[in-house]
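Thank you all for making time this morning.

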Amino acid sequence: MITASAPRRAAGQTRGRPSRPPAPTWLSSPLARQIKAPVICIGLTLLVWQVVCSLSGSAFPGPIQVVTQTWTPYISKPFYDDGGTAKGMGWQILISLQRVAIGYSLAAVVGIAAGMALGLNGFIRKGFDPMIQVLRTVPPLAWLPISLLLFQQADLAAIFVIFITAVWPIVINTAVGIQEIPQDYTNVARVLRLSKRAYIREIVIPSTVPYVFTGLRIAIGLAWLAIVAAEMLKADGGIGYFIWDAYNAGGDSSTSQIILAIVYVGIVGLILDRLIAYIGSRLNTGAH
Amino acid sequence: MHLSVSGVSKTFGSGSKAKHVLEDINLELDSGEFVALVGSSGSGKSTVMRLVAGLELPSSGTITVDGQPVKGPGSDRGMVFQKYSLYPWLSAAENVAFGMQLQGRPKREVNERTAYFLEVVGLSDAGRRLPRELSGGMQQRVAIARALAADPKVLLLDEPFGALDLQIRETMQEFLYQLWERTGLTALLITHDVEEALLLAQRVHIMAPRPGRIVRTVEGKLDRRDLSFLRLSAPFLELREELANYLRVLDSTMG
């Protein structure tokens, strides 16, 4: 996200350029200044999109059609429920989020524990490192067939895909964080004769927190990416399912529904990323 | 308190890769003394410190504190490192209290001692601040307070001001000297800075590299009533120049 603090030059404007009439106050408010650039640029993008679609005479909807075609029920009623999988997009997103929450939580618990074991024990690290390096590069969807075979159920399979996708960055960053603990921290601990438990509690955990959150943040992005893809292939409900269902329906407004869903997916992904970053900054221990 | 290092050698590795770092190191330290080890990098002076601290064990020879052989780190030897040794997630006061809490002292005593030692190092007002909010010199003072708070018999200082700017270093040297005078602590200082060693220590051991060994010992009988004056006085400058030359010659012949 591009953010900039608005320069304080209200005084300078009136003094430095007397010939210019003062701008309306709402235009010079800090908020207006901050959102000015994004509003203009997004507006221009939408305009170009609309103009290209109208001029080319293609069936692909411009932004205006996207909104008008999906307004009822997808935008106006995000939480309608007609039974089965015919649900509002709010519900679909919540279904996806629930799967992510379960898979991601498991990945966090297992990933941090495994990362600590790897970071603290050289034998375990050397032993498992080659395996981790190979497995972490496997694309999320490659796990889906084996996951379906293993769990025989779409929901569990999707959760497993989330887990196996999200766990690697957490493991790796936690392990690196532990290895990066400055030698002097450890020396002080030794001079104070900390027990292994106190060492982990007082030194290892606080100095590793920033690394863990780097891993958690990468992982939430991957998890959200994986759930949408997994639901498109095999799921009952969820935002990925919604996109694929709209595509298969092939109705007049299908494209608009897909575009709207993509916007929602993007916004939710951004919110998830910000949320983890926010928690991380609140817990920031200032280590390293 | 009596610290004795006698006939200590240290070799890292073995066989053809063996690196002989220290050869027959002997030094003594009594209560209230301030002793310095000076040498260029590679002279093994930091290894001597790590051995005394118990972070490493000697290959041969013995190190004893009050007759008890050193077998590992212990709270009778407080240590101040060059940098990065305060825990950044703890405030200055929490850093000072850290070791005492683990020693199992009562909470009230910990609080009192923390306040006392922060005052000793002149940082009573900075207790709540995090290390990153403190200057380098202040951070090192917190580190000294932390080491002192554990009530060590001897304070081991490993290039404590090496990472500081020259001006701050001079202020810190004067601070440390006054602290030593005031509290009667016992200190072993490692430094590459001849001036720093001569200024603070009553006895300076000079180390030569490859293998690290003590080649000369200087008993600095100087008038230390005013350190900034002493820094510029003729006998001090003469001695400093002589030793600096001596170290240079050692380095060029040994290197």
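This is a predicted model: local features need pLDDT of at least 70, side-chain atom pairs count only at pLDDT 80 or more; totals for chains, interfaces and linings use all residues.

If we take the contacts in chain A between residues at least 6 apart in sequence, 68% of them join residues that are at least 24 apart.

Now to the cores. Which residues have the most contacts inside the largest nonpolar core? They are B:Phe34, B:Ile144, B:Leu157 and B:Val204, in a core that has 56 residues. The element that gives the most to this core is helix H4 of chain B, residues 136–149, which provides eight residues. Apart from this core lies another one, of 48 residues, and among them are A:Val161, A:Phe163, A:Ala175 and A:Ile227. Coming back to B:Leu157, and not counting residues up to four places away in sequence, we find that B:Leu157 touches a list of residues including B:Phe34, B:Met49, B:Val80, B:Ile144 and B:Leu189.

B:Phe34 brings us to strand E3 of chain B, residues 34–38, where five of the five residues are buried. In a regular strand, side chains alternate between the two faces of the sheet. In E3(B) both faces are covered, with B:Phe34, B:Ala36 and B:Val38 buried on one side, and B:Val35 and B:Leu37 buried on the other. Five bridges join E3(B) to strand E8 of chain B, residues 187–191, and these two strands run parallel; within that pairing, B:Ala36 has B:Leu189 as its bridge partner. Strand E9 of chain B, residues 203–208, is also parallel to E3(B) and is joined to E3(B) by four bridges, with B:His205 as the bridge partner of B:Leu37.

Chain B also has an open sheet of four strands, in the order E2-E1-E4-E5, where the pairing is antiparallel. Its edge strands are E2, residues 19–30, and E5, residues 68–69, each of which pairs on one side only. Strand E1 of chain B, residues 2–12, is joined to E2(B) by eight bridges, and B:Val5 stands opposite B:Leu27 in E2(B). Helix H1 of chain B, residues 45–53, packs on the sheet, where it touches E1, E2 and strand E4, and its direction makes about 120° with that of E1(B).

Finally, I would like to look at two residues more carefully. The side chain of B:Arg231 reaches the backbone oxygen of B:Glu170 at 3.3 Å, and it makes a polar contact with the side chain of B:Gln173 at 3.0 Å. B:Ser233 is found in the loop between helix H7 and helix H8 of chain B, and B:Ser233 is buried too, with a relative accessible area of 15%. A polar atom of the B:Ser233 side chain lies 2.9 Å from the backbone oxygen of B:Leu230.

Definitions and conventions: Residues are numbered from 1 along each chain as its sequence is written. Chains are lettered from A and ligands numbered from 1 in the order in which they are written. Side-chain values use heavy atoms; hydrogens and water are left out. A nonpolar core is a set of buried Ala, Val, Leu, Ile, Met, Phe, Trp, Tyr and Cys residues joined through side-chain atoms within 4.5 Å. Buried means under 20% relative accessible area, exposed over 50%, partly exposed in between (1.4 Å probe, protein chains only). Contact means heavy atoms within 4.5 Å. Two strands pair if DSSP finds at least two bridges between them. Axes are lines fitted to C-alpha atoms, for helices over the stretch in contact, and angles run from 0 to 180 degrees between N-to-C directions. A polar contact is a pair of N or O atoms within 3.5 Å; within protein, one must be able to donate a hydrogen and the other to accept it, and residues adjacent in sequence count only if both atoms are side-chain atoms.
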